Amino acid sequence: MGFETDAIWKGQKPVISKTSFGDVAVPIHLSSTYARKKAADLPGGYEYSRCGNPTRSAYEECLASLEHGKFCLSTSSGLAAVTVVCSLLKKGDNIVSFEDIYGGTIRIFDEIINRWGITTNYFDATKPETIKQAINENTKIIWLESPTNPLLRVCDIKKIAEIAKEINKKILVVVDNTFLSPYFQKPLDLGADMVVHSTTKYVGGHSDLIGGAIICKDANLYERLRFNHNAIGVNPSPFNDWLALRGLKTLAVRMNKHQENALKIAKFLESHPKVKEVFYPGLDSNPYKEVSDKQTTGYGGVVSFKIDGTKEDAIKFVESTNIFALAESLGGTEGLIEHPVTMSHSSVPVEQLHKLRVTDDIIRISVGIETAEDLIEDLKQAFQKIDLN
Ligand SMILES: *Cc1c(COP(=O)(O)O)cnc(C)c1O
């Protein structure tokens, strides 16, 4: 079946029985526990909602199929998903990670699991060959994110997975697929072993939930993840799973509109005299367009740009929009604008930001699905307000 069909029906087929009424919308099962007739039996397959819940199962089945995986675990946040993946490791193990990944993930690597004796080496994944120097005999996980935040750098997932597996085929390749969602990118088809998501972003899609997910194909890997997921207790609420499942139904139409608007905005920005550089892999001028076209079916809805001005001008600009809300996060129907250095990336050390070329003059936009012309007019008036000379 096609993506849109699976998004609407996978795990969600109405069941007509004495206790199930043919609900077309999957019900929200709030029960924390499940009764049984005999002590050792689990007739409905559920015992306690940390371990599993019917609403969660429907959503997990649907998201697994959209990512071309077999299994999915829904978590209470994107960072909870990262934590569960890290819980596969033990003292002495090593992670090799793209240096340009979500700051909260770096915080788990460098400030939480480092204290448990797990080390992380960083490399520039836009130069796949450099991974060879970063991998050592203790490396168990390769961590990638593409495109990155906020500069939308793209790495060749397939090539990196091939190099890593050639060195040691037991190495697990993990891709954070938050920015493109399974609609535009399917890392498991590119050789990744696990996909993680912050479903807070495009999967949920309406800025009204915090959630995460892990998707994989291998049954043994899934069993290990599932054991740890339940043992740590990072289950989401049934209501959040229901919201995320509802989000999946419109993921395809939303992503198409996000992208259509993002491309218009990127082109508008590229032609504006007060813009020094635009970061969007869908632009012909973008250095990552070629690798992006090879591995994705789209470029997503986040556009960043360098304003021709000072840090103060950049801040004034993000404070000057009328439609775009000044807020962190991304992936919702609403257009959001922010200044990474003072907002989303403020927890990342300045030296690290400079190394990644995330400078004071950079502005990030999560392009919403409003009328594109309204969004462009809003940016135009913000440029006028800061009145750069
Ligand atoms: C937001 C985000 C996360 C963290 O997810 P939460 O749901 O906020 O815990 C991880 N990775 C990426 C790429 C993100 O954008």
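Let's start with Asp293, which is partly exposed at 38% relative accessibility; partly exposed covers the range between buried, under 20% relative accessible area, and exposed, over 50% (1.4 Å probe, protein chains only). Its partner is Lys289: the two form a salt bridge, with the closest N and O atoms 3.0 Å apart. By salt bridge I mean a side-chain nitrogen of Lys or Arg within 4 Å of a carboxyl oxygen of Asp or Glu. Lys289 counts as buried, at 18%. Asp293 and Lys289 sit four residues apart in helix α11, so about one helical turn separates them. Helices (H or I, at least four residues) and strands (E, at least two) are DSSP runs, numbered from the N terminus.

A quick word on the model: it is predicted, so local features need pLDDT of at least 70 and side-chain atom pairs count only at pLDDT 80 or more, while totals for chains, interfaces and linings use all residues. Residues are numbered from 1 along each chain as its sequence is written, and side-chain values use heavy atoms, with hydrogens and water left out.

Asp156 is buried at 9%, whereas Lys294 is exposed at 59%.

Now over to Asp93, whose salt bridge with Lys140 has its closest N and O atoms 2.7 Å apart. Asp93 is buried at 5%; Lys140 is partly exposed at 31%.

And the total, friends? The structure holds 19 salt bridges, and Asp100, Asp124, Lys127 and Arg153 are linked in a network of them.
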